[in-house]
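Please open the model in a viewer and keep the selection tool at hand. The stops below go from one selection to the next.

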Amino acid sequence: MNSSAAISAPFFYLLLAIVASTAIASNNILDKSSSCDTNFTQPQRDLIEVGGQHFHPIKHTLQGLESNLIAKGSSHLTYFAVAICSAVLYLEPHAPNHAVQSVHQPIADAVNVDDGDTPQPLSTSSSIALEISYHKAVRASDFRWATTTYTSKNGHTQPHIVELINTFNSLYQNVKRGDRYLLEYQNEMGISLNLNGEHLGSVGKGSEYEKELAQAIYSIWFGEKPFFERLKKDLLTPIDV
């Protein structure tokens with residue numbers, strides 16, 4: 001055996017060990033992430049696959065009055081071929097995707113247009129949920145920066161809203177690959193943040209600014225100046241489930 005072969009062999013086995021350990025770690029992460037949402041025990045074939053992550057087509061609201069939300073839009077966000085996150089937007093069955101942009105409007109103004117172009121008023125108990133599964137670790141400080149920056153860019157700079165946004169920012173925690181945030185709004189229950197099924201807190205419940213706060217938070221993804229335009233476009237595009 002020549003010297004180059006003798007030298008390279010240990011590196012070859014080391015490479016195999018690294019690949020094997022990475023695969024095991026990835027499987028553990030996927031197992032953990034798939035167990036985070038315990039709302040349903042649907043078979044795998046009934047789930048929605050988005051960028052290698054699986055989501056339920058129907059989601060129960062976690063706070064307040066129980067209702068079923070339907071998957072309306074999805075997105076697998078990448079940046080220079082690097083996977084960032086997978087996301088699904090959930091709304092009530094009758095609600096159009098753009099209803100997420102009209103939280104602050106009177107319910108009669110946020111309408112669904114059917115095939116006959118007839119306006120249909122939304123329910124007074126309209127609920128919204130945005131579930132995001134992360135492919136990369138993200139620091140809590142980065143979430144706070146994005147929330148502060150993009151709510152401001154979308155015009156939510158009034159002192160009473162900024163105060164509530166700051167309170168919401170305190171809920172963020174660091175996330176690692178495979179973790180999931182669920183951002184949920186329910187009329188008269190405020191806007192809540194859940195991490196891997198754990199309720200981190202709610203803000204705005206009982207406040208006269210509840211809908212305005214929800215509009216501000218969701219503007220990060222759905223405002224005129226969103227965090228990522230393609231993510232917004234994807235989530236506002238209806239999907240069939």
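A salt bridge here is a side-chain nitrogen of Lys or Arg within 4 Å of a carboxyl oxygen of Asp or Glu. The model is predicted, and a search of the whole structure finds five such bridges.

**Stop 1: Glu131 and Arg180.** Select these two residues and show their side chains. They form a salt bridge in which the closest N and O atoms are 3.3 Å apart. Glu131 belongs to strand E8 (residues 127–134) and Arg180 to strand E9, so the bridge ties together parts that lie 49 residues apart in sequence. Buried or exposed: which applies to Glu131 and Arg180? Both are buried.

Arg180 lies over the face of Phe55, 4.3 Å from the ring centre.

**Stop 2: the other salt bridges.** Select Lys176 and Asp179, whose side chains meet in a salt bridge with an N to O distance of 3.5 Å. The two partners can be compared by their accessibility. Lys176 counts as partly exposed because its relative accessibility is 41%. Asp179, at 4%, counts as buried.

Move on to helix H5 (residues 229–235) and pick Asp234 and Arg230, which are four residues apart and so separated by about one helical turn. Their salt bridge has its closest N and O atoms 3.8 Å apart. Asp234 is partly exposed at 23% relative accessible area, and Arg230 is partly exposed at 33%. Elsewhere, salt bridges that share partners join Lys59, Glu131 and Arg180 into one network. With Lys59 selected, show Tyr90 as well: Lys59 lies over the face of Tyr90, at 5.5 Å from the ring centre.

**Stop 3: helix H3.** Select residues 159–169, which make up helix H3. Which residues of H3 are buried? They are Ile161, Leu164, Ile165, Phe168 and Asn169. These residues cover an arc of only 145 degrees around the axis, which puts them on the same side of H3. The face turned away from that buried side carries the exposed residues Pro159 and Glu163.

Next, display what covers the buried residues of H3. The cover includes helices H2 (140–153) and H4 (210–222), along with strands E9 (180–186), E10 (190–195) and E11 (198–203).

**Stop 4: aromatic pairs.** Show the rings of Phe, Tyr and Trp; the count comes to ten aromatic pairs. Start with Tyr79 and Phe228, an edge-to-face pair with centres 6.3 Å apart and 90 degrees between the planes. Tyr79 is in strand E4 (residues 68–79) and Phe228 in the loop between H4 and H5, a link across 149 residues. Phe228 counts as partly exposed, at 24% relative accessibility.

Then select Tyr134 and Tyr181, also an edge-to-face pair, at 6.2 Å centre to centre and 90 degrees between the planes. Tyr134 lies in strand E8 and Tyr181 in strand E9, so this pair ties together parts 47 residues apart in sequence. Both tyrosines are buried.

**Stop 5: the whole chain.** Clear the selection and colour by secondary structure. The protein chain has five helices and eleven strands. Of its 241 residues, 42% count as buried. Among contacts with a separation of 6 or more, 61% are between residues 24 or more positions apart. With the surface turned on, the accessible area comes to about 12,800 Å², of which 57% belongs to carbon and sulfur atoms.

Terms used:
Residues numbered from 1 in each chain as written. Predicted model: local features only at pLDDT ≥ 70, side-chain atom pairs only at ≥ 80, totals over all residues. Heavy atoms only, no water. Helix = DSSP H or I, 4+ residues; strand = E, 2+ residues; numbered from the N terminus. Buried < 20%, exposed > 50% of the residue type's maximum accessible area, 1.4 Å probe, protein only. Contact = heavy atoms within 4.5 Å. Areas by Shrake-Rupley, 256 points an atom, 1.4 Å probe, with all protein chains shown as cover. Arc of directions from axis to C-beta. Phe/Tyr/Trp six-rings, centres within 6.5 Å; stacked < 30°, edge-to-face > 60°. Lys NZ or Arg CZ within 6 Å of the ring centre and 35° of its normal.
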